[in-house]
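Hi,

Here is the structure I promised to pass on. Have a look first, and my notes follow below.

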Amino acid sequence: MNVTTSTLSLTVADVDASREFFCTHLGYQVAMAADGFASLARGDAAADIVLLRRGSEVLPPEQRDQQAAGLIFALTVTGIEAEERRLREAGAPVTMPLREEPWGERLFQLTDPNGIIVQFVEWAAPDEPAQTEEPEESAMLVITPTAENVTESPNAHMTGLAAPSRGSKELSTWTVAMEAGQTGPEHVISREQVWTVTAGVLDVTCDGRTEKISAGQTFVLPPDVLRQVHAPEAAEAHVAMRADGVASVPGTQGTRNLPWAQ
């Protein structure tokens, strides 16, 4: 057997309500839709979802009056604390707060308007076994950026250095290059960032205050505060942050991962 994709089919009373829930809070997009039907998908490992209106004639007669109940749609994620915070801030119906089970499972739950339970799960790292002998000297990890670690945006050029996907367990670091006149969007980051300007000058506005930062200077941006970066001349900087930081933009819903820091 060769499984190419996985789809969860749910029979619900209100297709539109569940479709709005999954698209607004869980990042799903509508692949196909019709009266009493919606097919939803994401671009990652999450299962596709098909929503069918209860009583639909496309279902066998013995299934038409059944409704999705007694099941849990579980999603294994990373950065579960940030996910719960994001969903609470977006007004999602968190029906079971984040908790940790004795066996190392961390989880919380949402419930959609049709009673579908969505569970977010992250497994705590196991405790390291006690050392009975002198441990061997830890190996140093050397990371060389490649073209796959480069992200181009209309406002800057980011090159990912250390990150969880490239060997770092706790921190993400990257470089930022901006051409003269480029300005990043106003945004908020959930974690503290430390920037060191290595070339040129940056004008940095944080919480309504603007500072001019020159090459050789370092500035610290606190978490959850509105900031914006402008390059009056070509500039480069090195940035460090805890690896689970996410961004949000005023006027938009939800949070965004930083691809160069993943």
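A quick word on terms: helices (H or I, at least four residues) and strands (E, at least two) are DSSP runs, numbered from the N terminus, and two strands pair if DSSP finds at least two bridges between them. This is a predicted model, where local features need pLDDT of at least 70 and side-chain atom pairs count only at pLDDT 80 or more, while totals for chains, interfaces and linings use all residues. Residues are numbered from 1 along each chain as its sequence is written, and side-chain values use heavy atoms, leaving out hydrogens and water.

Strands first. β11 (residues 171-178) pairs with β10 (residues 157-160) in the antiparallel sense over 4 bridges, and T175 in β11 is the bridge partner of T159. β11 also pairs with β18 (residues 235-242), again antiparallel, over 8 bridges; there S172 stands opposite M241 in β18.

Now the rings. There are 6 aromatic pairs (Phe, Tyr or Trp rings, the last by its six-membered ring, with centres within 6.5 Å; planes under 30 degrees apart are stacked, over 60 edge-to-face, the rest tilted). F22 and F73 are a tilted pair, because their centres are 6.3 Å apart and their planes at 55 degrees. F22 sits in helix α1 (residues 15-26) and F73 in strand β5 (residues 72-76), so the pair ties together parts 51 residues apart in sequence. F22 is buried at 0% relative accessible area (buried means under 20%, exposed over 50%, partly exposed in between, with a 1.4 Å probe and protein chains only), and F73 is buried at 7%. Ring pairs join F21, F22, Y28 and F73 into a cluster.

Cheers
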